Amino acid sequence: MSDLHKEVSELERKSATAARLFDIRRIIGGLFVVYGVIVTIAGISPSDADLKKAEGVHINLWTGLAMLALGLFFLVWMKLRPAEAPAAPEAERERGSDTA
């Protein structure tokens, strides 16, 4: 295996790692989980004034639980269908194999 081929396969591996690392589902899911926990905790024991504003509905609790569910959905989706690095066009692959 030539040095060029080794270098290309190393760059492809790094590209796949970067694609998984910066997957938008990780960011969205993480933020929804963090904020969901915060809002759920705030909704566990609301004040009488908060309940009166929300007409007796524990809105923070329900919104926090919904945010948690959405965040967990994004994180599970990311685990089940990981991001793949974009494939190189056929012309570049053929050109790369001709020089090796």
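Predicted model: local features only at pLDDT ≥ 70, side-chain atom pairs only at ≥ 80, totals over all residues.
**View 1. The whole chain, to get your bearings.** Start at the N terminus and the elements read α-α-α-α-α. The chain has 100 residues, and buried ones make up 13% of them. Its accessible surface is about 7,900 Å², with 65% of that belonging to carbon and sulfur atoms. Now for the contacts: take those between residues at least 6 apart in sequence, and 77% of them join residues at least 24 apart.

**View 2. Asp 23, in the loop between helix H1 and helix H2.** Helix H1 covers 3-21 and helix H2 covers 24-44, with Asp 23 sitting in the loop between them. Is Asp 23 buried or exposed? Its relative accessibility is 9%, and buried means under 20%, so Asp 23 counts as buried. Look for the side chain of Arg 25 here, too: the side chain of Asp 23 makes a polar contact with it, at 2.7 Å. Setting aside residues up to four places away in sequence, Asp 23 also touches Met 78 and Ala 83.

**View 3. A nonpolar patch on the surface, with Leu 31 as one of its members.** Which residues form this patch? They are Ile 24, Ile 27, Leu 31, Val 34, Tyr 35 and Ile 38, and together they have about 570 Å² of accessible area. Zoom in on Leu 31, which has its place in helix H2. Leu 31 has a relative accessible area of 44%, so it goes down as partly exposed.

**View 4. Glu 55, a loop residue with a positive phi.** Here we're in the loop between helix H3 (48-53) and helix H4 (59-80), where Glu 55 is found. Glu 55 isn't a glycine, yet its phi is positive, at about 55°. With a relative accessible area of 75%, against a cut-off of over 50%, Glu 55 is exposed.

**View 5. Leu 61 and its contacts with Thr 40, Gly 43 and Ile 44.** Leu 61 is found in helix H4. How far apart are Leu 61 and Gly 43, in sequence and in space? They are 18 residues apart in sequence, while their C-alpha atoms are 4.1 Å apart in space. Leave out the neighbours within four places in sequence, and Leu 61 is in contact with Thr 40, Gly 43 and Ile 44. The relative accessibility of Leu 61 is 23%, so this residue counts as partly exposed.

Terms used
Residues numbered from 1 in each chain as written. Heavy atoms only, no water. Helix = DSSP H or I, 4+ residues; strand = E, 2+ residues; numbered from the N terminus. Buried < 20%, exposed > 50% of the residue type's maximum accessible area, 1.4 Å probe, protein only. Polar contact = N/O pair within 3.5 Å; in protein donor to acceptor, adjacent residues only side chain to side chain. Contact = heavy atoms within 4.5 Å. Areas by Shrake-Rupley, 256 points an atom, 1.4 Å probe, with all protein chains shown as cover. Patch = residues over 30% accessible without salt bridge, like charges linked within 9 Å, V, L, I, M, F, W, Y side chains within 5 Å. Salt bridge = Lys/Arg side-chain N within 4 Å of Asp/Glu carboxyl O.
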